[in-house]
Amino acid sequence: MASVSYEKIFELFLGSVTDFKLASLEEKDARSLMTEYLHKALAASYLSHIFSTSVLDDDTETFTYSMAYETDKDETDFVCTAISKWMTYEWLQNQVKNSTLTQQMIFSSKEKTFYSQANHLAELRALKDDAYKEARGFVQDRGWIHNSYLGGS
């Protein structure tokens, strides 16, 4: 079984998003939030199927796993990247489900300009859908050759 630290996964995740609110949190709170995204990402059935076993240990901040279909190379980079892509999707899920987007309108008092929440929400949904397709496609690309039909090789 292989293992990887949360830190490596979190670094890839943070390199994929720009979130000033997350950056402004205390380190403990930010790690807690990223750990929540990590758990949600690994709970996604599509990602979980690439592992025969997987264990998240929040105390040691270590993810231990074995691949369902082993290859002869180290797949730590693949695993970390796949998880970070699903974490990005989970992060975008929270952005779409933001309560401020349910308000009818927001305007800037200086310019009296009105902004459309519907357009902003539509763009966020499109980003979320793109993140889902990217994360799923990343896992699919590995699966086209490493699957039960071909004996895993």
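Helices (H or I, at least four residues) and strands (E, at least two) are DSSP runs, numbered from the N terminus. E61 lies in the loop between strand 2 (51-57) and strand 3.

This report describes a predicted model, in which local features need pLDDT of at least 70 and side-chain atom pairs count only at pLDDT 80 or more, while totals for chains, interfaces and linings use all residues. Residues are numbered from 1 along each chain as its sequence is written, and side-chain values use heavy atoms, with hydrogens and water left out.

## Overall architecture and confidence

The protein has 6 helices and 5 strands. Along the sequence these elements follow the pattern β-α-α-α-α-β-β-α-β-β-α. The mean pLDDT (the predictor's confidence in each residue, from 0 to 100) is 83, and 80% of the residues score at least 70. Among the elements, helix 1 has the highest mean pLDDT (95), whereas strand 4 (residues 105-108) has the lowest (54).

Burial is classed by relative accessible area: buried means under 20%, exposed over 50%, and partly exposed in between (1.4 Å probe, protein chains only). Of the 153 residues in the protein, 37% are buried. Contact means heavy atoms within 4.5 Å. Among contacts between residues at least 6 apart in sequence, 62% join residues at least 24 apart.

## The largest nonpolar core

A nonpolar core is a set of buried Ala, Val, Leu, Ile, Met, Phe, Trp, Tyr and Cys residues joined through side-chain atoms within 4.5 Å. The largest such core has 33 residues, and L47, F51, F63, I83 and M87 have the most contacts inside it. Two or more residues of this core come from each of helix 1 (6-16), helix 3 (27-43), strand 3 (62-67), helix 5 (76-96) and helix 6 (117-143). Helix 5 gives the most, with 10 residues.

F63 is found in strand 3 and is buried, at a relative accessible area of 0%. Leaving aside residues up to four places away in sequence, F63 touches A2, S3, V4, Y6, L42, F51, S54, V55, L56, V79 and I83. With neighbours within four places again set aside, I83 is in contact with I9, L38, A41, L42, L47 and F63.

## The second largest pocket

On a 1 Å grid over the protein atoms alone, a cavity is a set of points where a 1.4 Å probe fits but cannot get out, and a pocket is an open set with protein on both sides within 12 Å along at least five of seven lines; lining residues have an atom within 4 Å of a point. Grid points are joined across faces, edges and corners, and a volume is the space filled by probe spheres set on the points.

The second largest pocket has a volume of about 180 Å³. Its lining consists of L12, S16, T81, S84, K85, T88, W91, L92, L127, D130, A131 and E134. Helix 1, helix 5 and helix 6 each supply at least two residues of this lining, and helix 5 contributes the largest share, 6 residues. By class, the lining has 5 nonpolar, 4 polar and 3 charged residues; Ala, Val, Leu, Ile, Met, Phe, Trp, Tyr, Cys and Pro count as nonpolar, Asp, Glu, Lys and Arg as charged, and the others, Gly among them, as polar.

One of the lining residues is T88, which is placed in helix 5. T88 is buried, with a relative accessible area of 12%. Apart from neighbours within four places in sequence, T88 is in contact with F13, S16 and V17.

## Individual residues and pairs

Most residues other than glycine have a negative phi. E61 has a positive phi of about 55 degrees although it is not a glycine. E61 is partly exposed, with a relative accessible area of 26%. R31, in helix 3, is buried at 16%; its contacts, leaving aside neighbours within four places in sequence, are E7, F10 and E61.

L121 is found in helix 6 and is buried, with a relative accessible area of 16%. K97 lies in the loop between helix 5 and strand 4 and counts as exposed, at 65% relative accessibility.

| Pair | Separation in sequence | C-alpha to C-alpha distance |
|---|---|---|
| F63 and V4 | 59 residues | 5.3 Å |
| L121 and V96 | 25 residues | 6.5 Å |
| K97 and R125 | 28 residues | 9.6 Å |
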